[in-house]
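Please look through the model below with its packing and its loops in mind. The paragraphs that follow take these two topics in turn.

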Amino acid sequence: MELSKQKQTEAKKLNVTIQYLVMADLMSIGYSENDAYIIAYPENEALSVQQNNSIRNNIVESVKFKKLYDSRRSRVKDGVAAPVQLEEVELVSTEEVMKEILRSAKQQPVGSKERADLFAKYNEIKAKNEQGTEDETDTINFVFPLKCNQCPLLYAYNEYLKENNLKEVRPVEMGRIMSISHKIIQAAMDAEE
């Protein structure tokens, strides 16, 4: 995760990782442990649920993180950082996380590195979301009819015959037509080679 120099310097000064800093800040303004972990450690998305739970619990239970979280939470309570009201916005989905990132990005000054980083993070999550959606729609299912007269191929073929003023094919004749057609198609394919 690449954050601004200011945040990198702050993390270095506190002797913690940037991910710890991000996670503690998010939790201090009302994010759940899980939501804060997901945002702070996007690279762990590929890990199993058990592995992520174990890593998150180790982080939250560490003395270093508890100390950092307590100091960040007290800053928010003292008014150093204005708390965000999340009672009506419960971050349970990727879309909600994306909305929150977009809201935060829009609050940053135009042209700032923080704003650019948040927009980049938003686009990264959006691209992953769209990629997952595309994978789902690439599947093509074929359903074969139970009866020959319900076959879409027969129906389309008969429509073609009607349009050309030719005699329609009965469903029982389709097997013979397909065996004859196969020979013709195979001969045409062999001729192309």
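Leaving aside residues up to four places away in sequence, Tyr41 touches Thr17, Gln19, Tyr20, Met23 and Ile59, where contact means heavy atoms within 4.5 Å. This is a predicted model, in which local features need pLDDT of at least 70 and side-chain atom pairs count only at pLDDT 80 or more, while totals for chains, interfaces and linings use all residues. Residues are numbered from 1 along each chain as its sequence is written, and side-chain values use heavy atoms, with hydrogens and water left out.

Tyr41 also belongs to the largest nonpolar core, which has 29 residues, and together with Tyr20, Met23, Leu26, Ile59 and Phe65 it touches the most other members. A nonpolar core is a set of buried Ala, Val, Leu, Ile, Met, Phe, Trp, Tyr and Cys residues joined through side-chain atoms within 4.5 Å; buried means under 20% relative accessible area, exposed over 50%, and partly exposed in between, with a 1.4 Å probe and protein chains only. Two or more residues each come from H2, helix H3 (33–40), helix H4 (49–61), helix H5 (63–77), helix H6 (94–107) and helix H7 (113–137), the helices being DSSP runs (H or I, at least four residues) numbered from the N terminus. H2 gives the most to this core, with 8 residues. Apart from this core lies another, of 6 residues, including Cys151, Leu154, Met174 and Ile177.

Turning to the loops, Asn15 lies between helix H1 (5–14) and helix H2 (18–28), has a positive phi near 60° although it is not glycine, and counts as exposed because its relative accessibility is 54%. Asn165, in the loop between helix H8 (152–163) and helix H9 (174–192), has a positive phi near 55° and is exposed, with a relative accessible area of 73%.
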